[in-house]
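Thanks for asking me to look this one over.

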Amino acid sequence: SGLRPSRGAYLTVAGLFAAALVGAVIFFIDLGITKMRPQFLAFYSSAAFVFVSFGISMGTIWAHLVNYRNPRAQSYVVRIVVLVPLYSVQSWLSLRFHDLGFFFGGLRDAYEAYVIL
């Protein structure tokens with residue numbers, strides 16, 4: 001009785017868990033070998049959150065597109081959900097490339113204006 005998650009949902013969760021585990025192992029190996037500076041430590045640790053938010057958002061977008069029953073509402077929902085990976089990637093790149101942060105923020109703001117329309 002009730003809805004059960006699809007096989008794809010289980011595979012997505014398993015893939016995200018495996019990616020996070022592999023990323024954590026690579027992160028700690030790199031940390032031990034290179035004795036990273038704090039700014040690179042922040043960059044690499046934030047990358048894990050970018051990948052997780054990207055995967056969750058893409059799964060949500062995929063679910064909406066596969067079950068496209070109410071196009072008028074779901075088109076707005078998909079536009080809003082795309083903001084999550086866009087914001088996370090923009091913040092992540094701005095953390096690494098300080099000089100280009102203004103450019104990345106402008107792209108993000110332009111898409112946000114499109115979503116609001």
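**Notes on the model**

1. The protein has four helices and zero strands, and its pattern along the sequence reads α-α-α-α. Helices (H or I, at least four residues) and strands (E, at least two) are DSSP runs, numbered from the N terminus.

2. Before going further, note that this is a predicted model, where local features need pLDDT of at least 70, side-chain atom pairs count only at pLDDT 80 or more, and totals for chains, interfaces and linings use all residues. Residues are numbered from 1 along each chain as its sequence is written, and side-chain values use heavy atoms, with hydrogens and water left out.

3. Of the 117 residues, 21% count as buried, meaning under 20% relative accessible area (1.4 Å probe, protein chains only).

4. Now look at helix α4 (residues 101-116). Its 16 residues should span 22 Å at 1.5 Å a residue, and its end C-alpha atoms are 22 Å apart, so the two agree; the expected span is 1.5 Å times one less than the number of residues.

5. Which residues of α4 are buried? They are Gly101, Phe104, Gly105, Arg108 and Val115. These residues lie on the same side of α4 because they cover an arc of only 95 degrees around the axis, taken from the directions from the helix axis to the C-beta atoms. Their cover includes α3.

6. Glutamine 90 sits in helix α3 (residues 71-96) and counts as buried because its relative accessibility is 10%. Leaving aside neighbours within four places in sequence, glutamine 90 is in contact (heavy atoms within 4.5 Å) with Gly101, Phe104, Gly105 and Arg108.

Note on methods
Buried < 20%, exposed > 50% of the residue type's maximum accessible area, 1.4 Å probe, protein only.
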